[in-house]
Amino acid sequence: MTTTDPTLSPTDPDGARPTTGAGTGTRGTRILGIATIIAMGWLVAFGLGFSPEDRDQRESVRLLYVHVPTIWIAYLAFIVTAIASAVYFFGKKHSMGWDRLAGASAEIGTAFVAVTLVIGAMWGRLTWGVFWQWDARLTTTALLFVTYIGYLAVRRLDGTHEQRARRSAVIGMLAVLEIPLVHWSVRLWRSLHQEATVLGTDGDVSMDGLMLFSLFVGVVAFSLLYVWLVLHRTRVMAMEDLLDDRGLDDALAARRAEGDVDHTQEGAL
């Protein structure tokens, strides 16, 4: 049974490990949390104040400073899930730290996709006049969201930690293949959704400088939030695994004690 300190995960960066107790906070995560709050405040200031309105989209363009970064960071989160799953599945040590990293990253990525869909619906209502269209980009993004909901459901199935890690690793490596489909859906099918303004294939960034900077601030802010959440969630998952293992150890110890009592009674008879 696993009896190691869950706060000492092999995936934790140096200097970010707690020195006392079993909490998930460290000096490193506290500094990161403060940086995240500052970046979010910076995003609000630029997104709502300094950045000008768009010529065509008017004030609704401000939603994109959340809509675009959240889906980009969700892509990153799912790629991290796939890489961590592959390291666990094909690695020799099969370290559970990689499985927990994969699960934590998938949880946060799924939450970010949910935010993307909600903000996108708000933008669609202001731009298209409706909250939802069965558009190629919207539909593939919704499919990506449902896929990772399924991945998280698989992680909750009964079984040992190793069984959970193996089956979720396979799904994590396959589900990431949907990301190119989502990204290129605007080109593959006739779509209402606008094409990429920043990551276009022609390399031309047709965006006002202050708007582009506000978008960059959004990417930085949500990147910091992602890292902060991953660090905390992986440690919480390690604690949950340790509690499960201890619960199983206690149950086995109780069963052995019952067996010893039975043998003693049989010997007395």
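Good morning. Helix α2 passes helix α4 in a left-handed crossing, that is, with the near helix turned anticlockwise from the far one by less than a right angle. This is a predicted model, in which local features need pLDDT of at least 70, side-chain atom pairs count only at pLDDT 80 or more, and totals for chains, interfaces and linings use all residues. Residues are numbered from 1 along each chain as its sequence is written, and side-chain values use heavy atoms, without hydrogens and water.

Helices here are DSSP runs (H or I, at least four residues), numbered from the N terminus. The axes of α2 (residues 64–90) and α4 (residues 136–155) come within 13 Å and cross at roughly 40 degrees; these axes are lines fitted to C-alpha atoms over the stretch in contact, with angles running from 0 to 180 degrees between N-to-C directions.

Which residues make the contact? From α2 come I71, Y75, F78, T81 and S85, and from α4 come T141, L144, Y148 and Y151; contact means heavy atoms within 4.5 Å.

I turn now to the core. The largest nonpolar core has 38 residues, of which F78, F112, L144, Y148 and Y226 touch the most other members. Such a core is a set of buried (under 20% relative accessible area, 1.4 Å probe, protein chains only) Ala, Val, Leu, Ile, Met, Phe, Trp, Tyr and Cys residues joined through side-chain atoms within 4.5 Å. Its largest share, eleven residues, comes from α2.

Methods
Helices (H or I, at least four residues) and strands (E, at least two) are DSSP runs, numbered from the N terminus. Buried means under 20% relative accessible area, exposed over 50%, partly exposed in between (1.4 Å probe, protein chains only).
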